[in-house]
Amino acid sequence: MLQNQYKAEVRQRKINLLQAENQLKTVELIAVKNQGLVTIVISIFALVILLLTVNHHIRKEKMRLTRHNKTIRANKKQLILLSIAFKNTANAVWISNKDFEIAVVNNATSLIYTNKSLK
């Protein structure tokens, strides 16, 4: 009888020890799952920030290209106007600067065209 009581106590202690071990493993498993979840959330957050940054640069570049295209169109208009002026004045010679403003005109023409008068 005493021996049975001792065996029962030993079994109960083993059961308690195994239960404590199971609880510890459960807590460790939950911690690993939480760590994985935190890693996923941080990765998604970093990806969103990266996408927003790339989107910002794309928009900025698009605006720059739009301005550049407008400048090209304006310069094209100026070149067309200058080519018409060249065709209409056979002996006249113009030299323009990089902004298509007339810098030098020879004596064959009496009117000096400027960027504003060609518009």
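This is a short tour of a predicted model, stop by stop.

Before you click anything, some ground rules: residues are numbered from 1 along each chain as its sequence is written. Because the model is predicted, local features need pLDDT of at least 70 and side-chain atom pairs count only at pLDDT 80 or more, while totals for chains, interfaces and linings use all residues; side-chain values use heavy atoms, with hydrogens and water left out.

**Whole chain.** Start with a cartoon view. You'll find one helix and two strands, running α-β-β from the N terminus on. Helices (H or I, at least four residues) and strands (E, at least two) are DSSP runs, numbered from the N terminus. Buried residues make up 8% of the 119 residues; buried means under 20% relative accessible area, exposed over 50%, and partly exposed in between (1.4 Å probe, protein chains only). Among contacts (heavy atoms within 4.5 Å) with a separation of 6 or more, 18% link residues 24 or more positions apart.

**Colour by confidence.** Now colour by pLDDT, the predictor's confidence in each residue, from 0 to 100. The chain's mean is 83, and 76% of its residues reach 70 or more. H1 has the highest confidence, at a mean of 91, and strand S2 (residues 102-105) the lowest, at 65. Then pick out residues 109-119: pLDDT is below 50 there, and beyond near neighbours in sequence this stretch has 15 contacts in the model.

Go to helix H1 (residues 2-88) and select Leu47. It is partly exposed, at 47% relative accessible area.

**Glu61 and Arg64.** The structure holds one salt bridge (a side-chain nitrogen of Lys or Arg within 4 Å of a carboxyl oxygen of Asp or Glu), and Glu61 forms it with Arg64, the closest N and O atoms being 2.6 Å apart. The two are three residues apart in H1, so about one helical turn separates them. Glu61 is partly exposed at 35%, and Arg64 is too, at 39%.

**Lys76.** Last stop, still in H1: Lys76 is exposed, with 54% relative accessibility. Draw a distance from its C-alpha to that of Phe100, 24 residues apart along the chain, and you get 10.0 Å.
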